[in-house]
Amino acid sequence: MNPLGFLTLAALVVAALAATPATQRTVSSHLTAQDQERFAKVFSEGLKSNDLQSLYYASANVALPAGDVTSTCKRLFTLHGESKLNDFEKNFYLIGARKNFGCKEALPAKVETAVKAALAKDATTAQEIYYNFHSAKLAGLAVDEKVRTTLGKNLQTVLKKDDSLNSLGHAFAVAAELGTAGSFAYDRIEEAFVQADEVDGKMLQFEGGLSITALIVNGGFKLATSLSKPAPITADQAVKFATYFLSRASVQTPKGVSVLLEALKLLASQKTIAPVCVRLAGNGQLLPESPVLSVRVCDLLGKPLSPALAALSTTVVSRTSNDALVSKVNLVPSKDDATLYTYNLKSTSPARGLYRVDVDAAPSYRQQLQVSVLGKVRVSSLEVGVGDTDSAASSVKRQSVAHPSKLATVLNADSQQKVVLKTALVDDASGKPITVHQCFVLLRHQETRQEIIFVAETDSSKAYKFEMDVGARAADFGHKSGLYEVRLIVGDALLSNSFQWHLADLELKFAAGDSQQQQSVDAAASSRKPLPEIVHQFRAPEKRPPRFVSDLFTALCIAPLVILFGLWAKLGVNVKNFPLSLGAIGFHLGLGAILVLFGIFWLRLNMFDTIRYLIPLALFTFICGNRMLRKIARGGSSEK
């Protein structure tokens, strides 16, 4: 091979290794004992339910106490009669629950007749075919080859009109029972699974949630198995579907729990593609005195693998330095728990920090986990002292305190002084200085138990220091003089011995007078009381105009009406030709009523109420006015 070809091959190999996924045919969770207990409770509640569907799914998963059979069967038949579900669906639930409970009551004749009749005629939906077919099977009715062929043709017709996910899922479940008559549906499996939605690159689900996803997965696998065909999905898709189903383990309905368990059992039984759970057995924290790595390996239901893994190896790598702590070592199976594998890292003396754990079970399973090795912190030294505010911190006289002792003397500080503290924290194993996530100095008043917390900062030598100007911080303390406890709080996610240390007592004296101190105390006390109730207030109305302006505006509005009546009186109003008819009288009454309504609107009504009254009045006035004008027009024509 020439050098160029060799380099190309090497590059391809490196790229392939880099592209190897961190996980392979593994998930990070499984059904726990707590999940199973909760499922049992859901089914137990379902047996007491007055919902026909819940009663059926509960009966399919748990046994009914012998003493409750008679009363439950009676309730079952009552619920069937009262149910508003489709006839084919409620008949299926009745027949199935009756068989599961072992009811002695005979199946109603009309139900059996309805099931027989449904098989003899063409259904309009795949869901109807599904329920009718399984009702017949549960009722013990004969479903011969002729009926299966007819159902297969009916199913093909239905799918041409409706190929939704719900329709395809029910069609797969029925086709799996039809033998060769249902083989046509296998060609539609890929069409269904390609519609799955991927979530965060980790899960696959179908639109419609748990029920539709379980329906299609269960139906697709059953159909492929009945025809001796390969699994309809790949191992990678099986992992993503399993991850979705496990994420729905909190479902609270009997139907949801039932279809969830059916789907997980089915995936776990597919030996060629079934994912397994590889996870940490504990909380992922390894104690320094006993750093035992514990890994749990089981199927999706939390049961031991059968057959058991031949070997399970692991590589532990530091996330800080990328150095391997151990490489390709075999985990030891536990004698008491078939799902538990352990490895003791004591001989490697792991340092405090985070580690990546690569777990491999050749050739199919690979999982990447993370553990933290805890360490212990030790107070190497601590100095505390009080000095003048304007003096340098290095010149303040300090006293040393050994952990976990307390300073024998009480420190005293007033508003012209400052308090300084410096401590060095080291790793207990190596003796090297370390930094922690939390290093606080807490001051607590011994009488009122009020606390104030300060953050200690690190310097260039990784020592933590704290400095407080008493006078400048007086407001933070509410000018409350008195004896305070000085406590050091040290905590970190990678420490097994986080602590709070009462290291000294400090007498603080603030310069505030009695009145100022009392105001501060009152302010602090009032800040802890309920605030006054917030009452909504509408905007205050604007100031009305003077009475003279209002009266003048009213007079100007009335003036045209006064002028009109005055002119009528001067000219002499002629009412002799007023037509005495219903139309004329109604028109003038309606017109007058409209004017009165406008006056009431001005005084008290709003626009919407006014329109509601105005519409019928306007229609009445319009009709009467039309009749009046028509009569006047006819009278004028006759005179000519």
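**Entry 1: helices α5 and α7**

I looked up the crossing of α5 and α7 and found that it is left-handed. I note that the model is a predicted one. Helix α5 covers residues 87-101 and helix α7 covers residues 126-139; they pack at an angle of about 30°, with their axes 9 Å apart. Angles under 35 degrees count as roughly parallel, and α5 and α7 are therefore roughly parallel to each other.

I then listed the residues in contact. On the α5 side they include Phe88, Phe92, Tyr93 and Ile95, and on the α7 side they include Tyr131, His134 and Leu138. By class, I recorded seven nonpolar, six polar and three charged residues in this contact.

**Entry 2: the five-stranded sheet**

I traced an open sheet of five strands, in the order β14-β13-β16-β20-β19, with antiparallel pairing. Strands β14 (398-400) and β19 (457-458) stand at the edges with a single partner strand each, so one side of each has no neighbour in the sheet.

Within this sheet I examined β16 (residues 417-427) and β20 (residues 464-469), which are joined by six bridges and run antiparallel. Val420 has Glu467 in β20 as its bridge partner.

I asked how many of the ten residues of β21 (residues 482-491) are buried. The count is nine, and the strand is thus recorded as mostly covered.

Strand β17 (residues 438-445) is joined to β21 by eight bridges, and the two run antiparallel. Here I found Phe440 bridged to Ile489 in β21. Strand β22 (residues 499-509) also pairs with β21 in the antiparallel sense, over nine bridges. For Tyr484, the bridge partner in β22 is Leu506.

Note on methods. Residues are numbered from 1 along each chain as its sequence is written. This is a predicted model: local features need pLDDT of at least 70, side-chain atom pairs count only at pLDDT 80 or more; totals for chains, interfaces and linings use all residues. Side-chain values use heavy atoms; hydrogens and water are left out. Axes are lines fitted to C-alpha atoms, for helices over the stretch in contact, and angles run from 0 to 180 degrees between N-to-C directions. Helices (H or I, at least four residues) and strands (E, at least two) are DSSP runs, numbered from the N terminus. Angles under 35 degrees count as roughly parallel, over 145 as roughly antiparallel, 65 to 115 as roughly perpendicular and the rest as oblique. A crossing is left-handed if the near helix is turned anticlockwise from the far one by less than a right angle, and right-handed if clockwise. Contact means heavy atoms within 4.5 Å. Ala, Val, Leu, Ile, Met, Phe, Trp, Tyr, Cys and Pro count as nonpolar, Asp, Glu, Lys and Arg as charged, and the others, Gly among them, as polar. Two strands pair if DSSP finds at least two bridges between them. Buried means under 20% relative accessible area, exposed over 50%, partly exposed in between (1.4 Å probe, protein chains only).
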